[in-house]
Every structure is written in C-alpha cells, then in structure tokens.
Amino acid sequence: QVQLIESGGDLVQPGGSLRLSCVASGDISSIYRMGWYRQVPGKQLRDLVATAPNSGAVNYGDSVKGRFTISRDKAKNMVYLQMTSLRLEDTADYYCHADYRNKSGKYVRAWGQGTQVIVSS
C-alpha cells in the first residue's frame, strides 16, 4: 500500500502564490504517477489539477495551465504543486494522488487526506 500526506494549504490573497507538498510512504517503488486533484466544498467530483508520470509529459487541467507547476522529487518520494496568480475560483480542497500497482498486480490509486486552499481578500 501507499500512504500520502499533503501539506501547505493556507489562506492566500488573489494574485498570491502557494506551494503544496505531498510525501509518499509504503510501497513507493511501485508508484508510476503522482499528481493533484481538487474538490470544491459541496461538489461531488474532483477536478484534475496536474499529474506527473515517472517519465513522460505532465498533464494540467485547463484552468491552471500557465499558473500552476507540478514537480516531483523521486529521491524524497515527494510531489509538489507550485501555484501562482491564484484566483478566487482556486479555492478548494487539494488532494494528492499516487497511482501504483499493488502486490496482486492490480492498478490502484491512493489519495491523501487533502489540504485546504482558500483564496480570499
């Protein structure tokens, strides 16, 4: 299994910046992709923010392209989300995910507990 812990959520003014961090533990050698989704309170679905495979191109949600940057430090089992030019509509709970193949050969997505980002003046 893979466990994830996010940090870095905060209250920030519009136009500001924030960096989220997520550390993975457990069966980390089987992780092949990590990333971020977000969920607005009261909304059922989580929206893609950014994902980064072990190799290959990263993928961003349309609403964050050019403003957010995802990066990974594989040596530290970390994934980061650098957010700039924050907008009111970026307010959400941000969830880190890790995709991996478990010992049974099944593809699994693990989620962190979420970290809250509030953009407000």
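A residue is termed buried when its relative accessible area is under 20%, exposed when over 50%, and partly exposed in between (1.4 Å probe, protein chains only). The structure is a predicted model, in which local features need pLDDT of at least 70 and side-chain atom pairs count only at pLDDT 80 or more, while totals for chains, interfaces and linings use all residues. Residues are numbered from 1 along each chain as its sequence is written, and side-chain values use heavy atoms, with hydrogens and water left out.

By the burial criterion, Cys 22 is buried at 0% relative accessibility, and Cys 96 is likewise buried, with a relative accessible area of 0%. These two cysteines are joined by a disulfide (a pair of cysteine sulfur atoms within 2.5 Å) with an S to S distance of 2.1 Å. Strands are DSSP runs of E with at least two residues, numbered from the N terminus. Because Cys 22 lies in strand β3 and Cys 96 in strand β9, the pair ties together parts that are 74 residues apart in sequence. The link between Cys 22 and Cys 96 is left-handed, with -80° about the S-S bond. The count of disulfides by this rule is one.

A nonpolar core is defined as a set of buried Ala, Val, Leu, Ile, Met, Phe, Trp, Tyr and Cys residues joined through side-chain atoms within 4.5 Å. The largest such core comprises 29 residues, and those with the most contacts inside it are Leu 4, Met 34, Trp 36, Leu 81, Met 83 and Tyr 94. At least two residues of this core are supplied by each of β1 (2-7), β3 (18-26), β4 (31-39), β5 (47-53), β7 (68-73), β8 (78-83), β9 (92-101) and β11 (115-119). Strand β9 provides the largest share, five residues. With contact meaning heavy atoms within 4.5 Å, and neighbours within four places in sequence left aside, the partners of Met 34 include Leu 4, Cys 22, Ile 70, Val 79 and Cys 96.

Two further buried residues were examined. Gln 39, located in strand β4, has a relative accessible area of 17% and is buried. Its side chain reaches the backbone oxygen of Gln 44 at 3.0 Å. Beyond neighbours within four places in sequence, Gln 39 is in contact with Gln 44, Leu 45, Arg 46, Ala 92, Asp 93 and Tyr 95. Tyr 95 belongs to strand β9 and is buried, with a relative accessible area of 12%. Residues up to four places away in sequence not counted, Tyr 95 touches Gln 39 as well as, among others, Glu 6, Trp 36, Arg 46 and Trp 111. The C-alpha atoms of Tyr 95 and Leu 48 are 9.8 Å apart in space, the two residues being 47 residues apart in sequence.

Technical notes:
Helices (H or I, at least four residues) and strands (E, at least two) are DSSP runs, numbered from the N terminus. A polar contact is a pair of N or O atoms within 3.5 Å; within protein, one must be able to donate a hydrogen and the other to accept it, and residues adjacent in sequence count only if both atoms are side-chain atoms.
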